[in-house]
Amino acid sequence: MERGLFNITSATTTELIPVNSGRGNISAIWVSNCSAANAITVRVFLTDGTNEVSYIENLVMPAGTTLLLNENVAFDNGNLALKILTAGTMGATHNIQIMIK
């Protein structure tokens, strides 16, 4: 997928922006639950490899919903990575889509 666009089809931790990639000056993160029937649980967080701090923690997203994070989401990418942890029933038609701007 294009840089800044992600399609997640399994319950896992996904690195969205790696440390020191020069991409921490972001203004918005969209997380969409594209399932027609299944809720999913998400955690969006920053990590320095040892410590973690969450933008959102254990958020249950009903089927067909989108979350927009657009306040104070920029971060020091020289030290931090942006990741998402997903849980729930997922697959090719029950996926999470993420867009970072």
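Val19 lies in the loop between strand 2 and strand 3, where helices (H or I, at least four residues) and strands (E, at least two) are DSSP runs numbered from the N terminus. This is a predicted model, in which local features need pLDDT of at least 70 and side-chain atom pairs count only at pLDDT 80 or more, while totals for chains, interfaces and linings use all residues. Residues are numbered from 1 along each chain as its sequence is written, and side-chain values use heavy atoms, with hydrogens and water left out.

With a relative accessible area of 39%, Val19 is partly exposed; buried means under 20% relative accessible area, exposed over 50%, and partly exposed in between (1.4 Å probe, protein chains only). Not counting residues up to four places away in sequence, Val19 touches Asn77, Gly78, Asn79, Leu80 and Ala81, a contact being heavy atoms within 4.5 Å. The C-alpha atoms of Val19 and Thr65 are separated by 29 Å, the two residues being 46 apart along the chain.

Ser32, by comparison, is placed in strand 3 and counts as buried at 17% relative accessibility. Leaving aside residues up to four places away in sequence, Ser32 touches Met61, Thr65, Thr66, Asn95, Ile96 and Gln97.

The strands are arranged in sheets, two strands pairing if DSSP finds at least two bridges between them.

In the hairpin of strand 4 and strand 5, which has four residues between the strands, Gly49 takes a positive phi near 100°.

| Strand pair | Bridges |
|---|---|
| Strand 3 and strand 6 | four bridges |
| Strand 2 and strand 7 | four bridges |
| Strand 4 and strand 5 | seven bridges |

Within these pairs, Val31 has Leu67 in strand 6 as its bridge partner, Glu15 stands opposite Lys83 in strand 7, and Thr41 stands opposite Val60 in strand 5.

The largest nonpolar core has 23 residues, and those with the most contacts inside it are Ile29, Val31, Leu82, Ile98 and Ile100; such a core is a set of buried Ala, Val, Leu, Ile, Met, Phe, Trp, Tyr and Cys residues joined through side-chain atoms within 4.5 Å. Elements giving two or more residues to this core include strand 3 (29-33), strand 7 (81-88) and strand 8 (96-100), and strand 4 gives the most, with four residues. Not counting residues up to four places away in sequence, Val31 touches residues including Val42, Val44, Ile84 and Ile98.

The charged end of Arg43 sits over the ring of Phe45, 4.1 Å from its centre, the criterion being NZ of Lys or CZ of Arg within 6 Å of the ring centre and within 35 degrees of the ring normal.
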